[in-house]
Amino acid sequence: MSIVKIRQSQIVSTYGPGALVDLPDNAVLVAGLEHWAGNAQLVPEPRLYANLRRRLGLSFLELRSPPVPEREEDLGIGIVAWQFPEWFVAQFEVRTKEFGRSRPLVHRRALVKGRYVGQDTAEKRKRKHWPVVPIRFVQACPNGHVSDINWPRLIHGDGVACGGQLWLDERGTTGDLSELFVRCDGCNRPAVSLQRIQGSIDGRSELGECHGDRPWLGPMARETCADSDGKPHRNKLLIRHASNAYFPVVERAISIPDHDEVVRKAVDAVWDDFLSVAEGPADIKRERKKQRVQQALDGLSDDEVWAECERRQSGGGGFVKGLKEVELDSFLSVPDELGDDRPEGDFYARRLSLEASRKGPLARVARVVLVHRLREVVTQIGFTRFESPALPIDSEVDLGVRLAALALETRWLPAVENRGEGVFLSLDATRVKEWLTRPAVRQRAKAFHPGIQSTSKEPVMLERVEEIYMPYVMLHSLSHLLLTEISLECGYAAASIRERIYVRDGAYGLLLYTGTPDAEGTLGGLVQVGRRIGRHLEAALELGRLCSNDPVCAQHHPDRAHEDRPLHGAACHGCLLIAEPSCERRNELLDRSLVVPTVDLVGAAFFAEGS
């Protein structure tokens with residue numbers, strides 16, 4: 001048994017259940033939640049609880065932090081992982097002209113005390129114990145199932161293996177799959193190329209059908225594997241440490257006061273005695289003259305109170321808001337301040353006063369909120385392999401897609417809480433509506449439409465691309481420009497700042513915030529940046545006007561199939577692409593020509609001079 005330390009935040013992302021991990025001395029597969037040992041502390045976040053229960057169809061669900069031993073000597077506490085794969089390559093080689101560099105390929109059961117026993121080629125009578133390393137190739141399917149490749153069957157077919165020694169040949173120096181072959185020295189069967197395994201013959205993988213193995217959940221956790229047509233997936237060759245071996249699916253929520261909940265509680269206090277017979281905002285205004293009603297409804301408008309009264313009188317349960325919608329409503333409704341200014345508090349924000357006669361880019365900003373203190377809860381829902389699930393722009397992952405399970409029975413999910421600070425700004429909705437009517441913006445929407453449709457399971461109408469996706473692309477691109485600019489001054493590394501984009505008909509905003517499991521995310525730098533947001537906004541826009549890769553970058557169009565970047569407009573590593581931990585869309589849906597004029601397109605910029 002070996003012990004390795006990993007940060008809790010990495011468990012909820014990179015090294016969650018089902019992840020293939022290379023340790024200094026072993027290759028392992030992180031076990032499912034039932035096999036974790038120790039007391040997992042409850043992570044309170046009622047809004048995220050309720051949201052996930054509804055979407056997952058569960059009557060009971062909790063969020064808990066990965067177990068951590070209290071003392072170094074508590075060896076039985078922590079995250080369990082199992083040895084995987086079970087095939088190894090011995091670390092001695094035989095060089096020949098015919099086969100190149102050859103090394104024995106052996107199963108775990110053939111090892112002696114973790115080593116391969118074979119003859120020394122220099123001293124043929126002497127047997128030596130050679131160290132081994134895990135083979136880097138396994139087989140998996142898009143449903144997340146993974147298993148060892150049956151190497152003897154791959155060489156000998158469905159018949160009985162001849163009992164000869166298997167060898168991994170490297171007939172070149174690059175390590176490319178085209179140079180790697182597996183052969184048996186006990187028969188005359190031809191060697192099998194790994195490039196041939198990676199491909200397929202007549203659309204059928206040589207690795208055969210997937211049997212639904214889920215070794216991270218236990219040896220008896222096999223399930224039926226099926227694609228959308230109900231047929232088993234064909235196994236694919238998977239390189240264990242490749243970037244497509246594990247895509248964690250996570251959900252995030254900001255612990256923020258729910259403005260609707262505040263309204264509901266206020267109305268509850270005076271509903272039976274005063275508001276149950278109200279017939280309009282005028283009645284609400286009249287009832288406010290009573291001291292008890294005035295105290296209960298303090299800080300709420302007559303229209304907000306009447307909307308809640310009308311919902312109750314009609315018997316409606318109300319529309320269930322998504323995670324982002326609640327956050328957006330709360331930011332847009334912040335009065336002078338929201339939350340408690342306490343060191344142990346979860347949320348505290350103050351609205352920044354903007355001059356009514358402001359000019360320049362700041363004139364297009366409707367609201368700026370300085371978030372002095374916030375708490376973010378991050379939880380993992382499942383994972384996929386080979387391809388990551390499409391991310392809707394409302395940030396709630398479509399749980400209708402098949403995700404690999406973290407446990408045989410989901411009663412809790414791993415979660416961590418991060419504390420930090422941030423700055424929120426929303427754009428003038430009227431100006432955004434006017435911008436959407438420009439011909440250049442509509443033309444850009446047509447260019448993005450095919451790419452957006454290709455990543456969605458459901459049909460996406462062009463009208464939705466124009467009304468929702470175009471504001472999102474513009475805000476997302478602005479967010480990246482701002483993040484790059486302010487990271488130079490706020491004291492945080494760019495990779496430690498995250499974004500959250502909010503788009504809804506009539507409301508458009510973005511939140512830049514820090515979030516770390518320790519106190520490092522609360523240094524106050526982002527709040528100070530927010531106080532000078534006008535200067536930073538101008539600098540960010542100037543940063544986006546010219547890219548070091550222009551004119552090539554500016555002249556890219558999403559609908560050019562030969563460039564194979566259907567979710568990018570004028571965007572590249574020289575201008576908009578940032579560290580992936582900071583981006584909520586994996587650096588997709590970016591186009592700086594929707595933010596500022598570029599050398600190729602002028603009429604689509606939201607922050608165009610004189611507009």
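This is a predicted model: local features need pLDDT of at least 70, side-chain atom pairs count only at pLDDT 80 or more; totals for chains, interfaces and linings use all residues.
I started with surface: the protein chain exposes about 29600 Å², and carbon and sulfur atoms supply 49% of it. Those accessible areas come from the Shrake-Rupley method with a 1.4 Å probe, and for residues only the protein chains shown count as cover.

Numbering runs from 1 along each chain as its sequence is written, and side-chain values use heavy atoms, with hydrogens and water left out.

Next I checked burial: 48% of the 611 residues of the protein chain are buried (under 20% relative accessible area with a 1.4 Å probe, protein chains only).

I then looked up secondary structure and got 14 helices and 23 strands. Helices (H or I, at least four residues) and strands (E, at least two) are DSSP runs, numbered from the N terminus.

On to strand β22, residues 497–504: six of its eight residues are buried, so the rest of the structure largely encloses it. I found β22 running antiparallel to β23 (residues 507–514), with eight bridges joining them; strands count as paired if DSSP finds at least two bridges between them. Tyr-502 sits opposite Gly-509 in β23. Two residues lie between the strands of this hairpin, and Gly-506 has a positive phi near 95°.

Last, I traced an open, antiparallel sheet of three strands, in the order β12-β11-β16. β12 (146–147) and β16 (236–239) are the edges with a single partner strand each, so one side of each has no neighbour in the sheet. β11 (residues 137–140) pairs with β12 over two bridges, and Ala-140 stands opposite Val-146 there.

Technical notes
Buried means under 20% relative accessible area, exposed over 50%, partly exposed in between (1.4 Å probe, protein chains only).
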